[in-house]
Amino acid sequence: SGVIPSLKANGHEYFGQWFPKYDPKINDAITGPVEEFLTGDSSLGYEEAKAGEEFIRIGVGAVKKPEEKVYQRFKTYDIVDGGKWTVKKGADWIEFTHDLGNHNGYAYRYTKRLALAKGGKAGMTIHHTLKNTGKKPIRTDQYNHNFFMLDGEPTGPDAIVTFPFELKAARPVPADLAEIQGRTITYKKELQPRQTVMAELSGFGGTAADYDIKIENRKTGAAVRIQGDRPISKIVYWSIRPTLCPEAYVALDVAPGKETKWAYTYTFYDAKK
């Protein structure tokens with residue numbers, strides 16, 4: 001829900017098709033600030049489900065678990081029950097609601113609302129509500145891929161990504177391609193096809209103040225600030241030539257009959273002004 005193929009602000013383009021071929025069964029064939037829920041290294045109910053039974057992909061529905069030893073993160077699983085989708089919209093907002101009935105004790109109502117900033121400001125907020133309508137607790141993390149394509153420029157020395165805390169990488173990034181120093185990620189050269197800069201980052205604290213990420217292109221001036229209203233639970237940074245993606249996770253724990261809310265606010269600006 002809420003896939004954005006194009007978003008223009010202040011004369012800049014922020015998203016676009018960064019992959020070579022579209023196919024709904026290809027994991028990467030998606031654009032804009034799209035999101036995923038993960039429970040540990042798999043998905044909700046996966047570990048307890050037997051082969052042939054269902055587990056849950058929030059925002060997708062119930063899918064069938066095949067005969068396999070471990071969860072396949074980028075595999076397309078067969079949908080058993082896609083649930084019910086309801087869409088509402090206004091002049092400056094659109095809201096998607098996904099209802100999924102009981103599957104092995106799990107059920108939910110998930111609402112995602114994209115709203116443009118008021119007063120002519122260049123921004124938007126993605127509001128989320130997850131209500132547990134099942135019998136089992138829902139414990140999961142959620143993050144946004146983002147998939148930024150700032151004015152269609154390739155990832156390289158003109159790009160800079162800034163966090164509000166000192167960054168620590170679990171493993172060094174390729175030294176000839178990029179550098180993580182202090183609070184920033186910068187590039188030493190323009191990434192070529194099949195080159196990747198990726199890192200799991202730490203250094204964030206236990207408050208939402210650290211969910212404050214800025215991405216700028218110093219050549220065109222296209223820039224965006226992302227702020228979350230929950231503490232970060234994990235950060236994965238991923239970039240290739242056409243796109244760069246800071247992916248900050250938040251932890252969700254929803255008891256049966258309860259609901260939780262969270263939001264991400266995007267402010268688009270021109271770094272040259």
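The side chain of Thr 97 makes a polar contact with the side chain of Thr 111, at 3.3 Å. The model is predicted. Thr 97 lies in strand β8, which spans residues 93–103. Its relative accessible area is 10%. Buried means under 20%, so Thr 97 counts as buried. Leaving aside residues up to four places away in sequence, Thr 97 touches Lys 84, Trp 85, Thr 86, Arg 109, Tyr 110 and Thr 111.

Strand β8 pairs with strand β9 (residues 106–116). The pairing is antiparallel and runs over nine bridges. His 103 has Tyr 106, in β9, as its bridge partner.

Both strands belong to an open sheet of 10 strands. The order is β7-β8-β9-β10-β21-β18-β17-β12-β15-β14, and the pairing is antiparallel. Strands β7 (84–89) and β14 (178–181) stand at the edges. Each has a single partner strand, so one side of each is left without a neighbour in the sheet. Neighbouring strands of this sheet are turned by 15° against each other on average, direction ignored.

Gly 61 is found in strand β5, residues 61–64. Gly 61 has a relative accessibility of 0% and therefore counts as buried. Its contacts, again without residues up to four places away in sequence, are Phe 55, Ile 56, Asp 81, His 98, Leu 100 and Tyr 108. Gly 61 and Asp 81 are 20 residues apart in sequence. In space, their C-alpha atoms are 5.7 Å apart.

Terms used:
Residues are numbered from 1 along each chain as its sequence is written. This is a predicted model: local features need pLDDT of at least 70, side-chain atom pairs count only at pLDDT 80 or more; totals for chains, interfaces and linings use all residues. Side-chain values use heavy atoms; hydrogens and water are left out. Helices (H or I, at least four residues) and strands (E, at least two) are DSSP runs, numbered from the N terminus. Buried means under 20% relative accessible area, exposed over 50%, partly exposed in between (1.4 Å probe, protein chains only). A polar contact is a pair of N or O atoms within 3.5 Å; within protein, one must be able to donate a hydrogen and the other to accept it, and residues adjacent in sequence count only if both atoms are side-chain atoms. Contact means heavy atoms within 4.5 Å. Two strands pair if DSSP finds at least two bridges between them. Axes are lines fitted to C-alpha atoms, for helices over the stretch in contact, and angles run from 0 to 180 degrees between N-to-C directions.
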